[in-house]
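This briefing goes with the sequence and structure shown below.

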Amino acid sequence: MERTLSIIKPDGVGKNIIGEVIRRFETNGIKIAAMKMIHLTKPQAEGFYAVHKERPFFGSLTDFMTSGPIVVMVLQGEDVIAKNRKLMGATNFKEAEEGTIRKEFATDIEKNVVHGSDAPETAAFEIGYFFNDLEIQNR
Ligand code: GDP
């Protein structure tokens, strides 16, 4: 059993597709183990994306991530990190496979609807950034 962090980004929340994204997780055997809606401050977004701080898009990305509320979730299931990444599709929606969340709903490389941890180490950091153990259900 594995866990990963999923975020429905401000563009996804703004498009009213919270339910659509969660439906895709649940119909693909993924359990929601924790969930909340929050509005990040700029320092909170910068802390979350600290690995990208040298990238040219860091300022723009952290502005975007603070532009509205987000839904953060802990997903649980077998091989859930890879499974979630497959459901999301490639970072650039133009390169994403048909039927993926980003292919269907993203509008540019930055406003790409969802975030998902890319490895067990990043998942552990990202889950801990938003949730404590008492807030996560074992399911
Ligand atoms: P992910 O793991 O698929 O989310 O992709 P990355 O970890 O490489 O990038 C993190 C996030 O930064 C992406 O989901 C996008 O929102 C944003 N991003 C990535 N590449 C670019 C880029 O070239 N330009 C801009 N503006 N944003 C980007």
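Arg85 lies in helix H5, which spans residues 80-88. The model is a predicted one. Arg85 also belongs to the set of residues that surround the ligand, and an N or O atom of the Arg85 side chain is 2.9 Å from a ligand oxygen atom.

- Thr100 is 15 residues from Arg85 in sequence, and the two C-alpha atoms are 9.4 Å apart.

**The ligand site**

- The residues around the ligand are Lys9, His52, Arg55, Phe57, Leu61, Arg85, Thr91, Arg102, Ile109, Glu110 and Asn112.
- Sorted by class, this shell holds five charged, three polar and three nonpolar residues.
- His52 places a polar side-chain atom 3.1 Å from an oxygen atom of the ligand.
- For Arg102, the distance between a side-chain N or O atom and an oxygen atom of the ligand is 3.0 Å.
- Taken on its own, the ligand has 550 Å² of accessible area, and the protein covers 79% of this.

- Asp79 is not a glycine, yet its phi is positive, at about 55°.
- Asp79 sits in the loop that runs between strand S3 (70-77) and H5.
- The relative accessibility of Asp79 is 51%, so Asp79 counts as exposed, the cut-off being over 50%.
- Val113 also is not a glycine and has a positive phi, of about 70°.
- The loop that holds Val113 lies between helix H6 (101-105) and strand S4 (114-116).
- Is Val113 buried or exposed? Val113 counts as buried because its relative accessibility is 0%, and buried means under 20%.

**Buried positions and their partners in space**

- Met65 is part of helix H4, which covers residues 58-65.
- With a relative accessibility of 0%, Met65 counts as buried.
- Ala45 is 20 residues away from Met65 in sequence, and their C-alpha atoms are 6.5 Å apart in space.
- Leu40 is found in the loop between strand S2 (31-38) and helix H3 (42-48).
- Leu40 has a relative accessibility of 6%, so it counts as buried under the 20% cut-off.
- The C-alpha atoms of Leu40 and Ile70 are 7.8 Å apart, while the two residues are 30 positions apart in sequence.

**The segment after helix H7**

- Asp133 is placed in the segment that follows helix H7 (120-130).
- At a relative accessibility of 69%, Asp133 counts as exposed.
- Which distance separates the C-alpha atoms of Asp133 and Met88? The separation is 26 Å, for two residues that are 45 residues apart along the chain.

Definitions and conventions. Residues numbered from 1 in each chain as written. Predicted model: local features only at pLDDT ≥ 70, side-chain atom pairs only at ≥ 80, totals over all residues. Heavy atoms only, no water. Near = heavy atom within 4 Å. Polar contact = N/O pair within 3.5 Å; in protein donor to acceptor, adjacent residues only side chain to side chain. Areas by Shrake-Rupley, 256 points an atom, 1.4 Å probe, with all protein chains shown as cover. Nonpolar A, V, L, I, M, F, W, Y, C, P; charged D, E, K, R; others polar. Helix = DSSP H or I, 4+ residues; strand = E, 2+ residues; numbered from the N terminus. Buried < 20%, exposed > 50% of the residue type's maximum accessible area, 1.4 Å probe, protein only.
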